[in-house]
Amino acid sequence: MKKLQFSPLFAALASAGLMTIFSPCAHAQAAASQASAQNGYAAQKTDKKGRVETLSKVEIIARELTLTRIPMHSAYSESVIGPSAIRFASPMLDVQGLLERTPSINVRTPAANGVRTNITFRAFSSGQFSETFDGVPINDPFNGGTTNSASTRNNIPLTLNDINSVNIYRGINNPAVTSYNSLGGTIAFEPRTPGNTANASADLGGGSFDTWFYALTANTGDIGGVRSMFSINHNSSSGWQANSGNRNTNLYYAGVLPYDGGDGEVYAYAIYNANKGFTPHTIPLPLIQQYGYNYGWPLDWTNSYNKDHGGTYILGDRMRVNDLLSFNARVYARNVDYNRVSYGNPAFSQSATQPYYLPNQPATWPFSPYPGQTSYDPIAAFGSYAAGNAYHTYMYSTQQYGFMPHFTLDLPDNQIKFGGDYSHTKLYSAEYWYGANPMPLVTGYNDAWNEHDGRTLGSAFVQDTIRLFGGQVHVTPGLKYLFARTSDFDNLGFYYPISGTVTDSEHYTSPTIGLNWRPVRHVSLYAAWGKTAKFPGIASYYNNVGQTNAAGQPVVVPLHVTPEYVRDIEAGARYEAHGFEGALNVYREDFANTFIQVTDPNTQLTSTYNGGTSRYEGIELDLQDSFSTAFGAFSVFGNVSQNKAFFTSDFTVANAAGTAAIAGQSVVSGQPLAGVPQHLANIGVGWKWKTWRANLSEHYAGSQYVNEYNAGVPSAETIPSYAVMNLTLRDTLHIGQGMLKDVKLALHVDNVLNRHYYTFGYGDTTNGGNPFVRAIYEEPRAYFGSATIDF
């Protein structure tokens, strides 16, 4: 029997007194690889160029069990989440939550199915980093975010049903993978692809919070040269906050048609997702302390019902033309159709007897500053402003079409990549108030706004990976050009005394350079520098329509804003040997041209300008190891990151109504940004023994400041630190009877220690002026069971 050997990571974790935990391994690899790993034999794999390499027993264990990987050859900071972490996840885990196991990522998920999810990445908020699916950008072109952008609370562009792996590029990265608004980095989701043989699987399960889910997946194998995968996934849950249940249905297709002897292939991916349910709202902490952890506002006090559906559709052609040239060209379409109807009962609005501001609380004043601006009269129709504004409808829909060609030249000592992207997106957004539901949706009558926007985005890039000194050194310079043309048209509404259009064009270049040096076989050192920018969001445009000048006349103010800029520099070291991988890096990102609102004292007009700087800096340590013992195979991982985010200049923010700056909106140099835990850590272990697999992992987030509700700048209030442990245990029963191959039985336990914690909140005051924090609590301890049948 082989003697038990402790790796450097295992020894480091043990000496630090950290807990030992077991980690679930993912979907099994091919049957041959499984057998080889169990019997101790080496296996083989074929790389993209057809070369065969032998895998050791430790490498086989790593590929089966490892939840994250560290690329050794990259000139930039990267991590990879493999299929095992995805196929072995809890039913409550969404694609954003999956990312949290890697350094410098923190996620809030206050409801089932990823509703109202938000994410920070190296202290950058959603909309300040890019996310892609098969290289296609899935961020909202107008507001920047991927989930919960522009208050589309249950817009779910991806689920774990759609993806096979994730590449996480931290900081400014090479232009072949970056997208628009990649200030903090790029998260690249890779699609599931059809298998070579016909097979199918069925999933069924349920658990806490009245949760039920099922999934069906079928691979057709080769039919007339085409390989296809069809999959459906459905999950419904009442949620842990009372009155916040929702249900989600995801449809996925992947197809491949090889041609030219396998040198080329036409491929297609299609995602359609639909979600319906209630919004989880912030709750004052005193009410949670009084009524319990799962307290939610009664539906007859307030509620928000969301309906969303949309998809991503890609058709591509990739081919290796010859030994030098290959290409990958794709056309794509994306759409979002979101609708929310909210209700706030005037009888329970904030008062001396109900001291807390109510979500969706109806206004008790006229919206329109100009008499006769819109014809709806809440008092005449319903007796009071509050009764006439009790219901609210919000609509947001986009349609995007694009084309993305990429080319690669493989030269003896260079790999040159070049290409581009072009897309056009239309946005329709509107908001209405009324005293009953269903309500009329009439422009100029009861609309707050009725908006039609367009944005054209384009980019072109070139990068060169240069091999020097026999491949010991790789230098990767790159340059990317990006442009945007944006138009905003707003109709007459409560917020707009006139209709008007604002247009603008922006462009910039993003230079990058990275270096990777392998002085010895198992070590690589790297350093990178780059600069990129974020285009102004659509709010910078529509805020300029209908402002009042010094003469009291409503006018349209031209846009006076340039993109926000980030300059990034980082350096690090990596080590790998005998199943162990480790990476340590430091970074500093200087953020300039923060968007702010400024009022001209002479004209009294408010415009969006650039002002204020901040700095994001930190250190990231990522370790993992795989080894075999008499008690089974293990894969251990751990990472720690420190992220500091603070303002580096003094400035004052004017409010959006066009008045002078108010108290609480001043920012001073050195003040930390809100919503950024300074310390993040993860630890976990994957285990496999015969047909059993397990996973135990823990995520830690340090304390973070919260914003003031009215001012939108950091307050003195903080969200406490927290640590959450999750467990999965699975056994595979090999049946081998007719079409039935295997049955996998799994138990998932989320938040094993039942920690009560929240990741989002802000400071507020009661009707009497007493300060408090309102928050949305995260998932308590929960149990889920599932059965997967493989055919």
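This is a short tour of selected places in a predicted model.

Residue numbers start at 1 in each chain and follow the sequence as written, and side-chain values use heavy atoms, with hydrogens and water left out. Because the model is predicted, local features need pLDDT of at least 70 and side-chain atom pairs count only at pLDDT 80 or more, while totals for chains, interfaces and linings use all residues.

**Stop 1: strand β8**

Select residues 130–133, which make up strand β8. Strands here are DSSP runs of E with at least two residues, numbered from the N terminus. Which way do the side chains point? S130 and T132 point one way, and E131 and F133 point the other way. All four of these residues are buried, a word that stands for under 20% relative accessible area, with exposed meaning over 50% and partly exposed in between (1.4 Å probe, protein chains only).

**Stop 2**

Within β11, I187 is the bridge partner of E131.

β8 and β9 form a hairpin with 2 residues between them. In the turn, D134 has a positive phi of about 55°.

**Stop 3**

Go to N148, in the loop between β9 and β10 (163–170). N148 is not a glycine, yet its phi is positive, about 60°. Is N148 buried or exposed? N148 counts as buried because its relative accessibility is 16%.

Next, select K690, in the loop between β36 (679–689) and β37 (692–701). K690 also is a residue other than glycine with a positive phi, near 55°. K690 counts as exposed because its relative accessibility is 58%.

**Stop 3: a cis peptide bond**

Select N437 and P438. The peptide bond from N437 to P438 is cis, with omega near 5°. P438 is in the loop between β21 (414–434) and β22 (447–468).

**Stop 4: a nonpolar surface patch**

Finally, select L257, V266, L315, V331 and F403, which make a nonpolar surface patch of about 380 Å². Patches consist of residues with over 30% relative accessible area and no salt bridge, with nonpolar side chains (Val, Leu, Ile, Met, Phe, Trp, Tyr) joined within 5 Å and like charges within 9 Å. A salt bridge is a side-chain nitrogen of Lys or Arg within 4 Å of a carboxyl oxygen of Asp or Glu. Accessible areas come from the Shrake-Rupley method with a 1.4 Å probe, and for residues only the protein chains shown count as cover.

L257 is in strand β15 (residues 246–259). L257 counts as partly exposed because its relative accessibility is 34%.

Conventions: Helices (H or I, at least four residues) and strands (E, at least two) are DSSP runs, numbered from the N terminus. Two strands pair if DSSP finds at least two bridges between them.
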